[in-house]
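Please examine the sequence and the model before reading each solution.

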Amino acid sequence: MTTRTVTTTQSITTDPTTTNSAPTESATTGTTAHEERVRRWRMVLGGDSAESTGCTLTGRDVAMDGALAALYGGGGKPAGRGGPERSAGLGASAPSVARWLGDIRTYFPSSVVQVMQRDAIDRLGLSALLLEPEMLEAVEADVHLVGTLLSLNKAMPETTKETARAVVRKVVDDLEKRISTRTKATLTGALDRSAKISRPRHRDIDWDRTIRANLKNYLPIPGGDGAGSVIPERLIGYGRASRAVKKDVILCIDQSGSMAASVVYASVFGAVLASMRTLDTRLVVFDTAVVDLTDQLDDPVDVLFGTQLGGGTDINRALAYCQSKITRPADTVVVLISDLYEGGIRNEMLKRVAAMKASGVQFVTLLALSDEGAPAYDREHAAALGALGAPAFACTPDLFPDIMAAAIERRPLPIPDKETRQ
């Protein structure tokens, strides 16, 4: 199925005037169910491929088809909004592309607009045009656009940088609102539960652990048909929240080009974790070099513009740096976010992971931190890490707080897809 097929199908099925359950004759357009099906196939297949349908598009459909053909068809430059020449291609000028961006935002829902923007950047090489402020003001901002802007950061002229930061700021603020409350609530509970005390108040007693620890003190009641009592010689409870740092977290992020979305999400999560007083959070990004961005964690936008997407990968060097910063192994969680394509010394990388785990560090390997599932990754390295007790898997942003909570409480990780587990 072509990209145009996917995009057109999404847009048509979300159009309230073209539902899947079309009546025999539409009350609004007067078309029969057969005519409606033909129309949809014409929109899905495009012009040249759809000649056999015998369907002639009119009105809004002409403009929608032109916007699609400008991206997925061939030819020269597009004409004005809604004209039949719109199917001729995007061309290479900023005004025509900006006009096309405005068109697709008019004709398609936001989710489809984002797909079409990514395809335009990938298929037509429009990255350079994003260096112009007027172009940035016309695009639909999302995580993938932020990744593209970060990859262009070094080539970006000063006149564009403020606009680019505003675009990135909008996406980051939206992400932070989405993830902050749940992340803090989930991890605060995990931190409290992990701080067990032996003389808890009544309301802080962990009854399950207390009963298990005192089963040897079970006393049956005479004539009670098996009933009895457990004498709690030792109480186990949850610690009360305090301002003392309870856990150290190190986020170690691969900033190679394929990890762009993961870098964006990890930077926002890093800022959220850094805002929690009971966590000491460090954020490290790497390619063949290692950069510690911890001092910029109060603003994830600064973190993102401190990264440099692309280049090689030296996971061993990055882990060596992280290992040097561990002072409380039993209270440390290291999260490696990487596709595991190692350009450094493989055996040394594995030895470092084994040494950290042996010292008590909770080590988590994420192949991706994004909504897109597992990317291409080095399966041999993933299997080797799995053999060390550090299974590698992809993680969505919604699941990340639960992953961190499990690591803090030292319980099995809620791996979402066993097919990605190694």
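**Exercise 1.** Determine what the buried residues of α14 pack against, which residues these are, and how they are arranged about the helix axis.

*Solution.* Step 1: the buried residues of α14 pack against α13, β9 (362–369) and β10 (392–395). Packing is judged here by contact, meaning heavy atoms within 4.5 Å. Helices (H or I, at least four residues) and strands (E, at least two) are DSSP runs, numbered from the N terminus.

Step 1: in helix α14, which covers residues 379–387, the buried residues are H381, A382, A384 and L385. Buried means under 20% relative accessible area, exposed over 50%, and partly exposed in between (1.4 Å probe, protein chains only).

Step 2: viewed down the axis of α14, these buried residues fall within an arc of 160°, so they line one face of the helix. The arc is that of the directions from the helix axis to the C-beta atoms. An α-helix has 3.6 residues a turn, so residues three or four places apart point the same way.

Step 3: the exposed residues R379, E380 and A387 are carried on the face of α14 turned away from its buried side.

**Basis of the values.** This is a predicted model, with residues numbered from 1 along each chain as its sequence is written. Local features need pLDDT of at least 70, side-chain atom pairs count only at pLDDT 80 or more, and totals for chains, interfaces and linings use all residues, while side-chain values use heavy atoms, with hydrogens and water left out.

**Exercise 2.** Identify where the confidence of the model is lowest and highest among the elements of the chain.

*Solution.* Step 1: pLDDT is the predictor's confidence in each residue, from 0 to 100. The chain has a mean pLDDT of 79, and 78% of its residues reach 70 or more.

Step 1: over residues 16–28 pLDDT stays under 50. Where pLDDT is low, the predicted coordinates should not be read in detail.
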